[in-house]
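Trainee: Could we go through this model together? I would like to begin with charged side chains and then turn to helix packing.

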Amino acid sequence: MEDVLTENPPPSRFFEEELNNFVPPPESLPSPFIVFSNPKSELPLRPYLLIVAISSPSLYIFHNLPSKTLLGSLIMPEVPFSGNTVEPSLEDKSCNIYLLSSNDDKNSILLVSVQLPVSPERSNLVSRLLIGQDIIPERVIILDSIQSRNFRGKLSQDETLAAKLETSAEKKAATHLVNLDYFPSGSVIDGLSASLLSRCQLKNIRGTLVISWPEFGPSVIRFVGALLKNIVPSLDVASLNKDLEKNSSRTGLKKDAWFDSDLYT
């Protein structure tokens, strides 16, 4: 006699795609948006250079720059504000947009600190807001970290590495802001940084993605600081050496800490 509890069930009379018709579709998330400090700001903003910080070293440098003005923030509706401080902090889950102080409006520089988690499904929406919609830059520099799982080869925590990827418009240019070797073939770049570079390519904007290793630490912070100083000579990075050894090893610089949010628990 067959055991009805252990025997395989009879085949369904429905195809698998038909069974999905009985499952209600998931509710769509509201789109991200940018809130500017001055509601009367003339949009789109047209900076000479847009620098987007995603890696922990670049976020640390941007946070400690004295000569910057908060212009606005990119809001992700799914990321809660709980735990954020009134004043900008490395512990906040935020995405702030700053204007680097300059006397020349034609050569204005915008800085974007991405301190919140952006899922792959939302990367394209965020990229459109930062490049080509509310902000139309002439040139773009994206700063991210090499992910060991996506790198073809061995990575040592004691070794500082950096490489770049460029859009076609940047490769054809006579001069380059970043003089680094190209990211080795066989390795993979994904997430928001890849989406931002693709957006630059689509809009024919001169864009460069700089990826560095290790993900955090004093050595890579100094390296990224020197790189930014070469790109923007007026940048004040000398003050970053103060208490660098103490601050760079704390969780405020560790990118994984920002993924510990209500959305992903």
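Trainee: How many salt bridges does the structure hold?

Mentor: The structure holds 4 salt bridges, a salt bridge being a side-chain nitrogen of Lys or Arg within 4 Å of a carboxyl oxygen of Asp or Glu. Please note that this is a predicted model, in which local features need pLDDT of at least 70, side-chain atom pairs count only at pLDDT 80 or more, and totals for chains, interfaces and linings use all residues. Residues are numbered from 1 along each chain as its sequence is written, and side-chain values use heavy atoms, with hydrogens and water left out.

Trainee: Which residue forms a salt bridge with Arg122?

Mentor: Glu78 does, with the closest N and O atoms 2.9 Å apart. The pair links distant parts of the chain, 44 residues apart: Arg122 lies in helix 3 (residues 120–133) and Glu78 in the loop between strand 3 (68–75) and strand 4 (95–100). Helices (H or I, at least four residues) and strands (E, at least two) are DSSP runs, numbered from the N terminus.

Trainee: Why does Arg122 count as buried?

Mentor: Because its relative accessibility is 8%; buried means under 20% relative accessible area, exposed over 50%, and partly exposed in between (1.4 Å probe, protein chains only). Glu78 counts as buried too, at 12%.

Trainee: And what does Glu170 pair with?

Mentor: Glu170 forms a salt bridge with Arg139, the closest N and O atoms being 3.7 Å apart. Glu170 is in helix 4 (residues 168–172) and Arg139 in strand 6 (residues 139–145). Both Glu170 and Arg139 are buried.

Trainee: What about Lys164: which side chain does it meet in a salt bridge?

Mentor: That of Glu166, at 2.9 Å from N to O. Separately, salt bridges that share partners join Arg139, Glu170 and Arg206 into one network.

Trainee: Changing topic, at what angle do the axes of helix 2 and helix 6 cross?

Mentor: The axes of helix 2 (residues 56–64) and helix 6 (residues 218–231) cross at roughly 65° and come within 9 Å. Axes are lines fitted to C-alpha atoms, for helices over the stretch in contact, and angles run from 0 to 180 degrees between N-to-C directions.

Trainee: Which residues meet there?

Mentor: Pro57, Ser58, Tyr60, Ile61 and Phe62 in helix 2 meet Val220, Ile221, Val224, Gly225 and Leu228 in helix 6, where contact means heavy atoms within 4.5 Å.

Trainee: Which residues of helix 6 are buried?

Mentor: Among them are Val220, Ile221, Val224, Gly225 and Leu228.
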